[in-house]
Amino acid sequence: MSLHAHDVTWTAQGRPIVDGVTVEIAPGGLTGLLGPNGSGKSTFLRLLAGLLRPAGGTVLLDGHDLDRLPRRDVARRLAVVAQEVSTDAELTVLDVVLLGRIPHRRRLVAPAGEDDLEHARRALRRCGVGELERRRWPTLSGGERQRVNIARALAQEPAELLLDEPTNHLDIAHQLALLDLLAATPVTVVTALHDLNLAAQYCGHLLLLHEGRLVAAGPPGQVLTSETVERVYRVRAEITRSAGGRPSLRFLSRAGAAGADRSGAAARA
Ligand SMILES: Nc1ncnc2c1ncn2[C@@H]1O[C@H](COP(=O)(O)OP(=O)(O)OP(=O)(O)O)[C@@H](O)[C@H]1O
């Protein structure tokens, strides 16, 4: 059953930021969370993670109200990779990844055991940053930090993994490596993504948010139509399909932009 949001709403200063969203997340699958800037993706992920309390509706984890589950139980189950993470500057990379092991320790202050170290090192290797374990966090590049953060979440051994634009800062080879890893893991993954082509290529299921509302949900071919893309992103796109039926988008112009017709015609010629 995994995660289920039922009619979830969250407001800020009286404005609905997430507005009556109902979704059931496919267990073991890779679900892409799409939507323009400010459409509510991060807020919805935080609601799914139990980091924000819904103003209305409920988030269920295996049928239990997330709000009522002890935080430690949730932390053993569910890992989050936020967009920007501030971490103590003095920590080494290995220390950062070991933070992911805390929910599994018998006592919060217990030192890391052999088992924790093994999990942490395996997670670093899976993210292709095994050689960085002794480096201090502030010396890492943006892409290295991102991969170490993902290793921290994997070391947590979650059943559900929620990621907010994890491909930020990554070059194309590392973006593909990360999405290969996420697609191959048996963990239930929900990830916010901006790249519609990568989402179409890798995700089994897509959720499309617009102004806080869920406007489409389903397999990529169903969600990413030229009509939906134009309505939600105000961008014209030509969509072709691969042999497997996955959509591939070529962006023609911003809808209504000056010169839009001309560039659209040029692109079609
Ligand atoms: N605490 C808050 N107080 C006021 N407004 C907020 C708050 N949190 C989020 N918002 C607003 O809610 C909207 C949705 O924000 P959110 O970060 O969820 O969007 P997003 O889809 O993740 O955007 P992006 O793609 O730019 O990361 C934005 O307009 C944002 O400014």
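Here is a friendly walk, in questions and answers, through the predicted model shown above.

Visitor: What is the mean pLDDT of the chain?
Guide: This is a predicted model, and its overall scores are ipTM 0.98 and pTM 0.91. Of the residues in the chain, 91% reach a pLDDT of 70 or more. The mean pLDDT of the chain is 90.

Visitor: Which helix gives the most to the shell around the ligand?
Guide: The residues around the ligand include Ala12, Gln13, Ile17, Gly35 and Asn37, and also Lys41, Ser42 and Thr43. A helix spanning residues 41-48 gives the most to this shell, with 3 residues. That helix is H1.

Visitor: How many residues of the shell around the ligand are polar?
Guide: Gly counts as polar in this scheme, and Gly35, Gly38 and Gly40 are among the residues around the ligand. The shell also has 2 nonpolar residues and 1 charged residue. The number of polar residues is 8.

Visitor: What is the order of the strands in the open sheet of 4 strands?
Guide: Strands S1 and S2 pair in the antiparallel sense over 6 bridges, with histidine 4 opposite glutamate 24 in S2. Strand S1 (residues 3-12) is also joined to strand S4 (residues 56-61), antiparallel, by 5 bridges, and threonine 9 has glycine 56 in S4 as its bridge partner. Another 2 bridges join S4 to strand S5 (residues 64-65). The order is therefore S2-S1-S4-S5.

Visitor: Which strands stand at the edges of that sheet?
Guide: Each edge strand has a single partner strand, so one side of each is left without a neighbour in the sheet. The strands at the edges are S2 (15-24) and S5.

Visitor: Which residue in the turn between S4 and S5 has a positive phi?
Guide: S4 and S5 form a hairpin with 2 residues between them. Leucine 61 stands opposite histidine 64 in S5. In the turn, the residue with a positive phi of about 50° is aspartate 62.

Visitor: Is arginine 76 buried, exposed or partly exposed?
Guide: Arginine 76 is found in helix H2 (residues 71-77). Being buried takes 20 or more C-beta neighbours within 10 Å, and being exposed takes 12 or fewer. Arginine 76 has 16 C-beta neighbours inside 10 Å, so this residue counts as partly exposed.

Visitor: What distance separates the C-alpha atoms of arginine 76 and serine 39?
Guide: Serine 39 is one of the residues around the ligand, while arginine 76 touches Pro103 and His104, leaving aside residues up to four places away in sequence. Arginine 76 and serine 39 are 37 residues apart along the chain. Their C-alpha atoms are separated by 29 Å.

Visitor: Which element supplies the largest share of the side of domain 1 that touches domain 2?
Guide: The domain assignment gives domain 1 (3-217) and domain 2 (225-269), and 9 residues of domain 1 are in contact with 7 residues of domain 2. Helix H7 (196-202), strand S9 (205-210) and strand S10 (213-218) each supply at least two residues of that side of domain 1. The largest share, 4 residues, comes from H7.

Visitor: How many charged residues does the side of domain 1 that touches domain 2 have?
Guide: By class, this side has 6 nonpolar and 3 polar residues. The count of charged residues is none.

Conventions: Residues numbered from 1 in each chain as written. Predicted model: local features only at pLDDT ≥ 70, side-chain atom pairs only at ≥ 80, totals over all residues. Near = placed C-beta within 6 Å. Pairing = 2+ DSSP bridges. Contact = placed C-beta atoms within 7 Å. Domains from an automatic or database assignment. pLDDT = per-residue confidence, 0-100.
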